[in-house]
Amino acid sequence: MSAALLEVEGLRVGFGNGTQAVRGISLSVARGETHCLVGESGCGKSVTSLAVMNLLARGAVRTAEGIRFEGREIAGLSEREMGKLRGDAMAMIFQEPMTSLNPAYTVGSQMAEVYVRHRGGSKAAALDRAAHLLGRVGITAPGMRLAQYPHQLSGGLRQRVMIAMALMCDPKLLIADEPTTALDVTVQAQILRLLQELQHELGLAILLITHDLGIVARMAHRVSVMYAGRVVESGPAAELFGRPTHPYTHGLLACVPVPGKIARGEPLGSIPGTVPKIGPGYSGCAFRERCSQAMPACGAGDVPGREAGPEHRYECHLGADWTARLAAEAAA
Amino acid sequence: MLIFLARRALLAMLVTLTVLTVSFMLTRLTGDLAIAIAGPQASQADVEIIRKAYGLDRPLLVQFVNWVTDAATGDLGRSFFYQEDVTKLISARLPVTLTLGLTGLSIAILTAIPLGIIAAMREGTLLDRGIMTIAVIGQAMPSFWLGLTLVIIFGLKLQWFPISGVETWQGFVLPGIVLAFSAIPALMRLTRSGMVDALASDYIRTARAKGLSRAAIVLKHALRNAAMPVVAISAVQLGFMLSGSIVIETVFSLHGVGYLGWEAIGKNDFPVVQSVVLFLATVFVVLTLLADLMNAALDPRLRTQ
């Protein structure tokens, strides 16, 4: 049995109009660790997370060489069997705390429901657990909150409720799709700290989807950088931040202002252009149009996968030492 | 919640008062009522006697106040034609109208909502389009034609149901179906579009992420949010069924309130006309109020407004 809690291999997601949102990616999340999936909007991060839960909208076609959860193959599971996992061993929270709770039911009823569904027992027992978890995620007066409706809560509170609800059945994996994007910066920080605490306490593995490299630096044990449906670089967080190798990762990092490193008035980096939509028969590197290092080889064929260090992989025609070479050339 | 109730109730009373005024004015706009009641052969003296007897000689405002205060105490005056209390006339016909309307609405709801849900769940498929096509055909079908067709097939040929009268419950089946047909398309479309929106919402994605059963997702989480416009339109449709079933009451020889009002118009029986208008308007007001209350029960956001 492998150590990884979740292993995804060769995942592909296409839509009816021919768009290929995810093009054969692999990633693994180990028990108790945070794996960040990072990239711009439209590069397939959310689709990947929904595909793992098999929650894709109708019209999306998912194929995979394998999706293993706790060593068990779950890619071929029926909706009914998948339903037994969802909300139980694997839970998910979303980007839109304002609309992710049902406006017609109380917080308590929505939280109790998932527990009764997977663990059975009385609603009263489930409500007790819900109150306990609301307290755990830092909500004061949980008893009162249970009786409230979502519209009576702020966005930050709703996201805490979503997190507490996700924890109802002690999941082993929490998939968090941009959980703090819609929140104020201060609330964002609180929610991230909460997720870290919960991870330590419960040994929760987190697959965190974000476009915010600040969050990645803060949360991630392992990082996968996604671009146009491919994981273009992945590795342990320290390794990847220390030696970013793919030009896209470089570009992303250059977009982040680092206090002390970037002088006032100096322009921030940016990557020209946008993520292309990938249709059928696309070939070559999807980043070539925006890449400062593009070469003729990028135009067609598969992009080779390379090692940049221990467990540090990237997909590019450039050798791992291309930045050093570039710097040497500039010096000479 | 109390404020919500009080506001809705006040609104309902204002609407009723407005209807009282309008129905009072309209019947008096049709000409000199005393002459109409007395008939073509009456002498001038007869007309004056009738004018006095019915209080038509008094100032309009006095007549109006009398009519409102009497109506408030349940006294709607006497019918000129039947020489009977209007309250009695209406209450005698009420059971037929109510049974027919409720039968029609029940059939409509039990057909339209499941079909609407199925269409929404299979959005864009052949099944969805088939169901919606039937809805369009249903909407286009005139109720007298459908009524007569049903009478010919199920009444005369198969003899499953009586062709007229409501001596037994079977008598309500065919007219109930015809009434339901007029309401089904609207209810079905609303159910479908509400469910399509609800099923695409973030909270349904959450419900799926919680691993809930399909039944809980569709019937508990989606339908409750899709139900509000359906409830509102059901109330209006029931109002139509209670008031506008004259064609159906004629086809099936049912003597309900609508038929009474229609007859009274022909006979210039103005106490009956204005009372029937008042009654039907009140029915609409009460049904709307009920729909508001049901929606408040369905959606907590309405309660705290």
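In what order do the eight strands of the open sheet in chain A stand? The legends below, which describe a predicted model, begin with this sheet.

**Figure 1. The open sheet of chain A is built from eight strands.** The strands follow the order 7-8-9-3-10-11-13-12, and their pairing is mixed. Strand 7 and strand 12 (305–309) of chain A stand at the edges; each has a single partner strand, so one side of each is left without a neighbour in the sheet. From one strand to the next, the twist averages 20°.

**Figure 2. Strand 3 and strand 9 of chain A form a parallel pair.** Strand 3 covers residues 34–38 and strand 9 covers residues 205–210, and five bridges join the two. One of the residues to look for is H35(A), whose bridge partner in strand 9 of chain A is L207(A).

Figure 3. Chain B has 14 helices and zero strands. Its C-alpha trace spans about 85 × 55 × 30 Å along its principal axes. The contact between the chains takes 31 residues from chain A and 23 residues from chain B. Together the two chains bury about 2300 Å², of which 49% is on carbon and sulfur atoms. Within the area that chain A buries against chain B, P103(A), Y105(A) and E113(A) supply 24%, more than any other three residues.

**Figure 4. The largest pocket is lined by residues of chain A and chain B.** About 1200 Å³ of space lies in this pocket. It is lined by 37 residues, and those closest to its centre are L55(A), L56(A), A57(A), L199(B) and R208(B). From chain A, helix 1, helix 2 (79–85) and helix 3 (107–119) each supply at least two lining residues. From chain B, helix 5 (86–121), helix 8 (173–199), helix 9 and helix 10 (214–243) each do likewise. By class, the lining has 16 nonpolar, seven polar and 14 charged residues.

**Figure 5. The largest cavity is also lined by residues of both chains.** Rolling a probe the size of a water molecule over the atoms shows where empty space is left. A search of the whole structure finds three cavities of 30 Å³ or more, and the largest has a volume of about 80 Å³. Its lining includes G87(A), M92(A) and V114(A) from chain A, and T206(B), A209(B) and K210(B) from chain B. Helix 6 (155–166) of chain A gives the largest share of this lining, three residues. Strand 7 (90–93) of chain A and helix 9 (202–209) of chain B each supply at least two. The lining residues divide into seven nonpolar, two polar and one charged.

**Figure 6. The second largest cavity has a lining without charged residues.** Its volume is about 70 Å³. Of the 13 residues that line this cavity, P247(A), C285(A), C291(A), C298(A) and C316(A) lie nearest its centre. The lining has ten nonpolar and three polar residues.

Key:
Residues are numbered from 1 along each chain as its sequence is written. Chains are lettered from A and ligands numbered from 1 in the order in which they are written. This is a predicted model: local features need pLDDT of at least 70, side-chain atom pairs count only at pLDDT 80 or more; totals for chains, interfaces and linings use all residues. Side-chain values use heavy atoms; hydrogens and water are left out. On a 1 Å grid over the protein atoms alone, a cavity is a set of points where a 1.4 Å probe fits but cannot get out, and a pocket is an open set with protein on both sides within 12 Å along at least five of seven lines; lining residues have an atom within 4 Å of a point. Grid points are joined across faces, edges and corners, and a volume is the space filled by probe spheres set on the points. Helices (H or I, at least four residues) and strands (E, at least two) are DSSP runs, numbered from the N terminus. Ala, Val, Leu, Ile, Met, Phe, Trp, Tyr, Cys and Pro count as nonpolar, Asp, Glu, Lys and Arg as charged, and the others, Gly among them, as polar. Two strands pair if DSSP finds at least two bridges between them. Axes are lines fitted to C-alpha atoms, for helices over the stretch in contact, and angles run from 0 to 180 degrees between N-to-C directions. Contact means heavy atoms within 4.5 Å. Buried area is the accessible area (1.4 Å probe) that two parts lose on being put together, summed over both.
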